[in-house]
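Hi everyone, thanks for coming. Please take a look at the sequence and the structure on the screen, and then we'll walk through a few spots together.

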Amino acid sequence: MTRERRRGVLGVDEGTTGTRAAVVLDDGRAAPPAYLPLSVRSPDHLRVEQDAGEIWANTVQVCREALERAAADGVEVTGVSISTQRATVLLWDTVTGEPLTQAVVWQDRRYAARLREWEPEWDARLEEETGRPVGSRAPLLWAAEEIAADPAARRAHQEGRLAFGSVDSWLVWKLTGGARHATSATNAVALGAYDLRTGGWHEPWAAFLGCPPDVLPVILDEDGDYGVTDPAVLGAALPILSVMGDQHAAMLALGAHRPGQATCVHGTGTFLDAVAGDRPPARRHVPGVLTLVGWRSRGTPLFSVESYAPTTGSAMRWLCQEIGLFDSPEQLARLAAGHAGPSRVTFLPALAGLRTPVWAPEATGVLSGLSLSTTRAELARGVLDGFAHSVCDLLEGVETATGLRVAELFCGGGLATSDALMASQADLLGRPVRRALDNGTASLRGAAYLGGVRAGLWPDVAAAVAALPPAPVFEPTLPDARREEARAAWRDLLARHVSPQAASPGARPNPYAQEEPPS
């Protein structure tokens with residue numbers, strides 16, 4: 001009796017701190033991924049950059065390793081699906097195939113001060129038409145200024161051989177041997193110039209920023225036609241089945257497919273994404289809460305609402321690697337699990353500014369509540385509780401902005417492996433938290449599920465997720481009075497640290513800076 005040949009999709013997850021690839025099988029599980037770390041450089045406190053050549057080389061290497069494993073296991077690979085960090089951008093030469101710039105990372109804040117000057121004129125219009133205000137970064141402005149200032153980029157543009165794009169565009173262009181210059185809707189919306197009404201570039205804002213339209217990639221559905229891989233790159237001509245932003249791919253893999261469901265993904269930063277429905281939701285303004293395309297499939301968009309804390313995973317890495325308070329994230333998590341909590345120590349992980357509940361891009365982190373009796377376990381617990389408080393701020397912001405209650409919260413990402421963090425989130429939120437199994441490969445699997453539907457592996461994404469074991473649930477155990485006390489103390493910290501005096505001149509008002517006057 002011959003055994004039926006297994007089928008799968010090669011999933012690629014190109015994140016900020018590392019690149020992984022694995023074949024996702026037709027039972028919904030991912031094979032052990034191949035992984036390589038990525039270096040991140042910060043020349044100063046505002047700039048964050050990466051080497052686009054390193055991103056490409058790492059992607060090729062992990063893809064080849066994953067394909068070799070699939071071949072050894074007798075798995076038929078039907079295509080490639082890609083998830084990437086969003087809003088990290090570069091310029092490259094379409095003739096030489098070489099990057100002309102560093103990749104400017106989504107955490108970069110070099111334009112934050114200048115962009116604040118445009119908020120009065122543009123914020124209301126942009127929030128309605130693109131789902132986000134001016135913000136603290138402007139990738140299209142960066143492209144315009146690089147073309148004007150850099151002779152090589154300017155010459156390439158004059159000669160019609162210059163391309164601009166985020167990491168997904170760069171990888172698709174390289175994988176197809178230059179046959180496709182495209183980006184997915186979920187990556188385009190993160191660049192701040194995606195028109196929610198038309199699904200194309202928002203021309204007035206792009207023109208104001210000065211970005212030439214001829215360097216922009218075409219915007220496709222997440223499961224659109226991204227071409228076929230060049231056999232010289234991966235050894236086979238494989239269709240690129242889907243391309244997605246990493247947080248959106250995680251929504252698919254973790255199970256957030258309909259309104260009332262949301263994901264919290266702890267990566268370099270922590271992102272909370274809630275499904276909004278088939279049209280952009282009516283919204284109140286809440287700092288840092290954005291309307292996005294959740295994904296576009298077969299011409300139909302599903303919208304989402306997002307808020308994020310830019311430095312949680314990177315704050316953990318900073319605590320362990322840069323200043324050595326702990327040997328590793330694993331040690332910190334073990335120590336935190338040994339403390340009952342909540343801790344008297346409070347950690348505000350604002351190492352690259354605050355977005356929600358206060359828009360203050362130049363805010364800094366805080367570690368408070370230390371005394372001679374503070375133990376390492378209590379300090380570790382305070383760090384994780386700080387991450388959990390940040391999640392509370394994000395969820396409260398999304399719910400306040402939309403008026404929709406999140407009934408199910410699915411968690412993933414590296415930090416989600418900590419039971420102490422998951423329990424702290426449940427306690428401080430006052431609602432259950434589900435930790436998805438195999439959450440470390442969520443973005444990789446989500447993109448592969450969407451691509452696998454296109455390849456015929458599953459009838460829909462829900463069928464792929466349903467094949468997985470159920471997610472463990474962390475129930476809240478903290479009494480309401482203690483939860484409210486902990487949240488009040490956190491709000492007091494924000495009020496004291498990010499006050500109108502402490503924040504940058506253009507920071508938006510802190511809602512916790514003063515109590516409402518008595519009625």
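Let's start with Cys63: its relative accessibility is 1%, so it counts as buried. Keep in mind that this is a predicted model. Cys392 is in the buried class too, because its relative accessibility is 1%. How far is the sulfur of Cys392 from the closest cysteine sulfur? The distance is 9.7 Å, to the sulfur of Cys264, and that is too far for a bond. As a reminder, a disulfide covalently links the sulfur atoms of two cysteines. Searching the whole structure turns up zero disulfides.

Now let's step back to the overall picture. The protein chain contains 17 helices and 20 strands. Its radius of gyration is 22 Å, close to the 24 Å that the globule rule gives for 519 residues, so the chain is as compact as a globular protein of that length. If you draw a box around the C-alpha atoms along the principal axes, it comes to roughly 65 × 65 × 45 Å. Of the 519 residues in the protein chain, 61% are buried. And here is something about how the chain comes together: take the contacts between residues at least 6 apart in sequence, and 72% of them join residues at least 24 apart.

You'll find Ser81 in strand S5, which covers residues 75–84. Is Ser81 buried or exposed? Its relative accessible area is 0%, so Ser81 is buried. Leaving aside residues up to four places away in sequence, Ser81 touches Val9, Leu10, Gly11, Val12, Leu241, Ser242, Ala447, Ala448 and Gly451. Also, Ser81 and Leu450 are 369 residues apart in sequence, yet their C-alpha atoms are 8.1 Å apart in space.

Leu450 takes us to a pair of helices. Helix H10, residues 246–254, packs with helix H15, residues 442–455, at an angle of about 75 degrees, and their axes are 7 Å apart. That angle makes H10 roughly perpendicular to H15. On the H10 side, the contact is made by Asp246, Ala249, Ala250, Leu252, Ala253 and Leu254. On the H15 side, we have Ala442, Ser443, Arg445, Gly446, Ala447, Tyr449 and Leu450. Sorted by type, the residues in this contact of H10 with H15 are nine nonpolar, two polar and two charged.

Here is another pair, H12 and H13. Helix H12 spans residues 329–337 and helix H13 spans residues 376–402; their axes come within 7 Å and cross at roughly 105 degrees. H12 and H13 are therefore roughly perpendicular to each other. Gln331, Leu332, Ala333, Leu335 and Ala336 of H12 meet Arg376, Ala377, Ala380, Arg381, Val383 and Leu384 of H13. The residues of this contact between H12 and H13 split into eight nonpolar, one polar and two charged.

One last stop: helix H6, residues 167–175. How many of the nine residues of H6 are buried? Nine of the nine are, so H6 is largely enclosed by the rest of the structure. The buried residues of H6 include Trp170 and Trp173, and also Asp168 and Lys174. After H6 comes Gly177, which has a positive phi, near 65 degrees.

That's my tour, and I'm happy to go back to any of these spots with you.

Definitions and conventions:
Residues are numbered from 1 along each chain as its sequence is written. This is a predicted model: local features need pLDDT of at least 70, side-chain atom pairs count only at pLDDT 80 or more; totals for chains, interfaces and linings use all residues. Side-chain values use heavy atoms; hydrogens and water are left out. Axes are lines fitted to C-alpha atoms, for helices over the stretch in contact, and angles run from 0 to 180 degrees between N-to-C directions. Helices (H or I, at least four residues) and strands (E, at least two) are DSSP runs, numbered from the N terminus. Angles under 35 degrees count as roughly parallel, over 145 as roughly antiparallel, 65 to 115 as roughly perpendicular and the rest as oblique. Contact means heavy atoms within 4.5 Å. Ala, Val, Leu, Ile, Met, Phe, Trp, Tyr, Cys and Pro count as nonpolar, Asp, Glu, Lys and Arg as charged, and the others, Gly among them, as polar. Buried means under 20% relative accessible area, exposed over 50%, partly exposed in between (1.4 Å probe, protein chains only). A disulfide is a pair of cysteine sulfur atoms within 2.5 Å. The radius of gyration is taken over C-alpha atoms; the globule rule is 2.2 Å times the number of residues to the power 0.38.
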